[in-house]
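Biologist: I have a structure open that is new to me, and I would like to learn how to read it feature by feature. Could you take me through it slowly?

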Amino acid sequence: MTSWPIIIDGVEVGAASGGVYERRHPATGELVGVFPDGGAEDARRAVQAARRAFDDGRWRDTTGAERAGVLHRLADRLRDRGDAYRTWESRQVGIPAGQIGWLASYCADVVDFFAGAARTHAGRSLWTSPSTLGFTVPEPVGVVVAITPWNFPLVLTIWKVAAALAAGCTLVVKPASQTPITVIELARDLLDCGLPPGVCNVVTGSGAVVGEALVTDPDVDKVAFTGSTATGARVMAAAARSITRVSLELGGKSPLIVLPDASPTVAVDAALECFVNAGQQCNVPSRLILVGDGHDVLDALVGRVGRLRVGADDDADVGPLVDEGHHGRVVGLLREAIDEGARVLVGGPKPAPFVAPTVLDGVDEDRRIVREEVFGPVLVVQRAKDLDHAIELANAGDYGLAAGIATGDLDAALVAARRLRAGTVWINTWNRTYPELPTGGFGASGLGRELGLEGLDAYLEPKTVQVEPARRAS
Ligand code: NDP
C-alpha cells in the first residue's frame with residue numbers, strides 16, 4: 001500500500017483540491033507513501049463532521065462501559081497488528097525498527113488505561129448549606145483538534161486520542177506532514193472497532209494551511225498540540241481569538257545531574273537515552289551536569305557512545321534524522337558550537353541524513369548548543385562544583401520538561417527532585433513513562449499534562465449543579 005486517505009465522517013476521501021504529496025525514507029529515498037494535500041476546505045469539513053458527531057450525542061451520550069468497549073477492542077487490535085504498525089512507523093520516521101519493538105504493546109497499554117478511566121471519572125458532591133446539595137459532573141470539553149509531530153507519531157497521537165475518546169469528545173487529528181500513516185491507520189482501526197463515524201477524523205496536509213485552519217475554526221472547543229515551542233506559541237495565540245482551550249507539549253533541554261557517588265553504569269545508561277531516535281525526542285537528557293571531576297562516568301560514556309552503530313538498517317542504534325532540512329539545522333548548531341571552541345569527545349557531523357552520536361565538552365553556558373533544543377544526537381557536558389550549583393545550572397533556561405539525577409544518596413536526590421523545575425524528574429533512571437503518571441512541562445515546555453488521570457481531566461469541563469430539595473417539598 002502506498003496511498004493513504006483523509007478520513008471525514010468515516011469516509012475515506014482525497015483532498016478537495018485533488019492535490020497529493022509524497023514522503024520518502026530519509027536514508028534510502030524509497031517511496032513510503034502518498035497523501036492528500038489537504039487544505040482549509042478539508043479542515044472545515046472535518047471540524048463540521050466532528051461538531052455534528054459531538055452535538056448529536058452519538059459518542060458523548062454513550063456510557064463509560066460502551067466507550068471502554070471500543071477502546072479495549074482498539075488495544076487488542078493494536079497488539080494484533082503490532083508488526084504492521086512498527087514497520088510503518090519505522091519507514092516513515094526513519095527510526096530503526098529494532099528500536100521500537102515496544103510500540104504496539106505500549107500504545108495498547110495506554111489505550112487500555114484510558115478505557116478503564118472512561119468508567120471511573122466522577123465529580124464531587126457536598127452539602128453547601130443544610131438545604132443545598134451541590135455536585136460537579138465532568139463533561140466532555142467538545143470538539144478537539146489534535147496536532148502531532150513526526151518523531152513518535154503513533155505514541156503522541158494516542159496520548160491525545162485515547163484520553164479524548166474516554167472523556168466523550170470528538171476529534172480532528174492533523175498528523176505531521178512527514179508521518180501520517182500510523183495516525184490514519186489508527187483512525188481506520190477505531191472505525192473497525194465500533195467508533196461511530198465522524199467521532200475521529202484525520203486531515204493530512206501542511207501545518208501552515210490545515211493546522212492554521214483547524215486552530216482558528218470557531219467550532220473547535222480545544223486544541224491539543226505537541227510540537228516545537230515556536231509553533232506552540234503561534235497555536236496558542238491563534239486559539240486565543242475564540243478562547244479555545246489549549247494544551248501544549250513542547251520542547252525541552254533536559255539536564256541529567258551526576259553526583260560523585262553515582263554508579264557509573266546507572267549514570268551512563270541514563271545519559272545514553274540522549275541518543276534514542278537519534279535524539280529526536282522531546283525529553284532526552286541533552287545536558288550532562290557533572291558534579292566533581294566525573295572522569296569515570298565521562299570515560300565510560302564516551303566509550304559506549306563510540307560503539308553505537310549509525311545506520312538505516314533495523315538493528316542500527318542511531319538512525320537517520322527525519323529529513324535533510326532538519327539535518328542541516330542540527331549540523332549547523334553542531335558546527336557553530338565547534339567553531340566557538342567546543343571539544344568533540346566523540347561523534348560529530350556526518351553527511352545527510354546522519355549525525356554520529358556526539359558528546360561535547362568545554363562549552364560556555366550562554367552558547368546556543370547549551371540553551372536551545374537540538375532535537376538531534378548531541379549531548380553537552382556541563383560542570384558544577386556542588387549540588388546547589390548543579391540545580392542552578394539545571395534550572396537555567398526557558399525549558400522545564402524533564403530532569404534527572406544519578407546518585408547513591410536518596411536524600412540528596414529527593415531534595416533535588418523538589419527543587420528541579422521540570423515536569424518529570426527521574427532518579428537513577430530515564431525515559432520511563434507509564435500511562436498512570438502524567439507527563440508535561442514547566443515554562444516553555446508546555447501547558448497542561450497528558451497521561452494519568454490528569455490527562456483525562458484535560459478533556460473534561462466540570463459542571464456544577466446545585467439543588468435545594470426542600471424547596472420542592474414546601
Ligand atoms: P512543529 O511545531 O514544526 O510541528 C508540529 C505539528 O504542528 C505538525 O503537525 C505541524 O505540521 C503542525 N504545525 C506547523 N505549523 C503550524 C501552525 N502554524 N498551526 C498549526 N499547526 C502547525 O514541530 P516538529 O514536527 O518539528 O516536532 C518537533 C518538536 O516537537 C520538537 O521541538 C519537540 O521537542 C517537540 N515535541 C514535544 C513533545 C512533548 O511531549 N513535549 C514530544 C515530541 C516532540 P507540519 O508537519 O505539516 O509542519
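Biologist: Let me begin with the open sheet formed by three strands: in what order do the strands lie, and is the pairing parallel or antiparallel?

Modeller: Before anything else, please keep in mind that this is a predicted model. As a general idea, strands of a sheet pair through backbone hydrogen bonds, either parallel or antiparallel. Here the order is β5-β6-β24, and the pairing is antiparallel. The edges are taken by β5 (125–129) and β24 (460–467), and each has a single partner strand, so one side of each is left without a neighbour in the sheet. On average, neighbouring strands of this sheet are turned by 30° against each other, if direction is ignored.

Biologist: How many bridges join β6 to β24, and which residue of β24 does T136 stand opposite?

Modeller: Strand β6 (residues 132–140) is joined to β24 by eight bridges, with the two strands running antiparallel. T136 has T464 of β24 opposite it.

Biologist: What is the order of the open sheet that seven strands form?

Modeller: Reading across that sheet, the order is β14-β15-β16-β13-β12-β18-β19, and in this case the pairing is mixed. Its edge strands are β14 and β19 (424–427), each of which pairs on one side only, while the twist from one strand to the next averages 20°. For a parallel pair, look at strand β18 (residues 402–406) and β19, which are connected over four bridges; within β19, T424 is the residue that stands opposite A402.

Biologist: Which strands do the helices α9 and α11 lie across?

Modeller: Helix α9 lies across β12 (254–258), β13, β16 (378–384) and β18, and its direction is at about 170° to β12. Helix α11 (residues 324–339) lies across β14, β15 and β16, running at about 30° to β15.

Biologist: Now to helices that pack on one another: at what angle do α4 and α5 pack, and how far apart are their axes?

Modeller: To read such a pair, one takes the angle between the two axes together with their separation. Helix α4 (residues 103–118) and helix α5 (residues 153–167) pack at about 15°, with axes 9 Å apart. Angles under 35 degrees count as roughly parallel, which is why α4 is described as roughly parallel to α5. The crossing in which α4 passes α5 is right-handed. On the α4 side the contact is made by L103, Y106, C107, V110, V111, F114 and A118, and on the α5 side by L154, V155, I158, W159, A162, A163 and A166. By class, these residues divide into 14 nonpolar, no polar and no charged.

Biologist: How does α2 cross α5, and how close do the axes come?

Modeller: The axes of helix α2 (residues 64–80) and α5 come within 9 Å and cross at roughly 155°. Because an angle over 145 degrees counts as roughly antiparallel, α2 is roughly antiparallel to α5. This crossing of α2 and α5 is right-handed. The contact involves R67, L71 and L78 of α2 with I158, A162, L165, A166 and A167 of α5, and by class it has seven nonpolar, no polar and one charged residues.

Biologist: Stepping back to the whole chain, into which domains is the protein divided?

Modeller: The division gives domain 1 (6–250 + 445–464) and domain 2 (255–427). Their C-alpha centres lie 31 Å apart, and the contact between them takes 19 residues from domain 1 and 25 residues from domain 2.

Note on methods. Residues numbered from 1 in each chain as written. Predicted model: local features only at pLDDT ≥ 70, side-chain atom pairs only at ≥ 80, totals over all residues. Heavy atoms only, no water. Axes fitted to C-alpha atoms, helices over the stretch in contact; angles between N-to-C directions. Parallel < 35°, antiparallel > 145°, perpendicular 65-115°, else oblique. Left-handed = near helix turned anticlockwise from the far one by under 90°. Contact = heavy atoms within 4.5 Å. Nonpolar A, V, L, I, M, F, W, Y, C, P; charged D, E, K, R; others polar. Pairing = 2+ DSSP bridges. Domains from an automatic or database assignment.
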